[in-house]
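Subject: Structure for you to look at

Hi,

Here is the structure I promised to pass on. Please open it before you read the notes below.

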Amino acid sequence: MSAVRSVCERTDSAIPASALVETLAWPRNLTPPHACGTAGGSPYNERRAKFPSAQTLPLMTRQPAASKSPLAKQDFEALSDFRYQLRRFLRFSEDAAQSEGLTVQQYLLMLHIRGCAGKDWASIGELAERLQAKQHGVVALVNRCEAAGLVKRKANPDDRRIVEVHLMAKGERFLNRLAMLHRSELESLRGTFRVARLTAFNDDGAERA
């Protein structure tokens, strides 16, 4: 980073973009070429010739994914069936939450608090990961649930920077009723919600169920 800083601090000279590329790619135990002389002048050009081009240095690049065989008709049928069954379950979840006067996001927030491994609370960061949402959006959701008496926040006794989100008794009652409904719905889909049908996309040569 010190080499990059030296490039950025040379405000009295124009440094070619290639010099910055070389700085970022240059090994730590070598001095980048633009640090040996004045950029843009002859000392820079003379010294630059002594070093290999940045294009010859080993840079980390994303490797293209291995090509796979074309999808068959049954592959599309499996994907379509999976998305249909998934959407059917999510629609059930939305309707069940609304029947209790909640949004599906409120139900999921309480579910992830109760389902947090090894403890009876969850942090804002953990909830954001579980909900796949931005932290500021989760904070707003927690605010609404707290105002409804579903959850409460506490400061972590060991680290005051961590905010613990706990379920209240009212939230527990809502969650228990909704979780029972969801478990029953999942059991009713056991014969058709077959994620295993998609394993053939990951396992070469595997037979489709």
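Predicted model: local features only at pLDDT ≥ 70, side-chain atom pairs only at ≥ 80, totals over all residues.

Helix H6

Start with the buried residues of H6: Ile-124, Leu-127, Ala-128 and Leu-131. They sit on the same side of H6, because the arc they cover around the axis is only 105°. What lies over them? The cover of these buried residues includes helix H5 (104–114), strand E1 (121–123), H7 and strand E3 (163–167). The face of H6 directed away from the buried side carries Glu-129 and Arg-130, both exposed.

Most residues other than glycine have a negative phi. Is Gln-132 buried or exposed? Gln-132 counts as exposed, because its relative accessibility is 64% and the cut-off is over 50%.

The surface patch

Which residues make the nonpolar surface patch? They are Leu-71, Phe-76 and Leu-79, and the patch comes to about 270 Å². Leu-71 is in the loop between helix H3 (42–48) and helix H4 (73–99). With a relative accessible area of 44%, Leu-71 is partly exposed.

Best wishes

Technical notes. Residues numbered from 1 in each chain as written. Heavy atoms only, no water. Patch = residues over 30% accessible without salt bridge, like charges linked within 9 Å, V, L, I, M, F, W, Y side chains within 5 Å. Areas by Shrake-Rupley, 256 points an atom, 1.4 Å probe, with all protein chains shown as cover. Salt bridge = Lys/Arg side-chain N within 4 Å of Asp/Glu carboxyl O. Helix = DSSP H or I, 4+ residues; strand = E, 2+ residues; numbered from the N terminus. Buried < 20%, exposed > 50% of the residue type's maximum accessible area, 1.4 Å probe, protein only. Arc of directions from axis to C-beta. Contact = heavy atoms within 4.5 Å.
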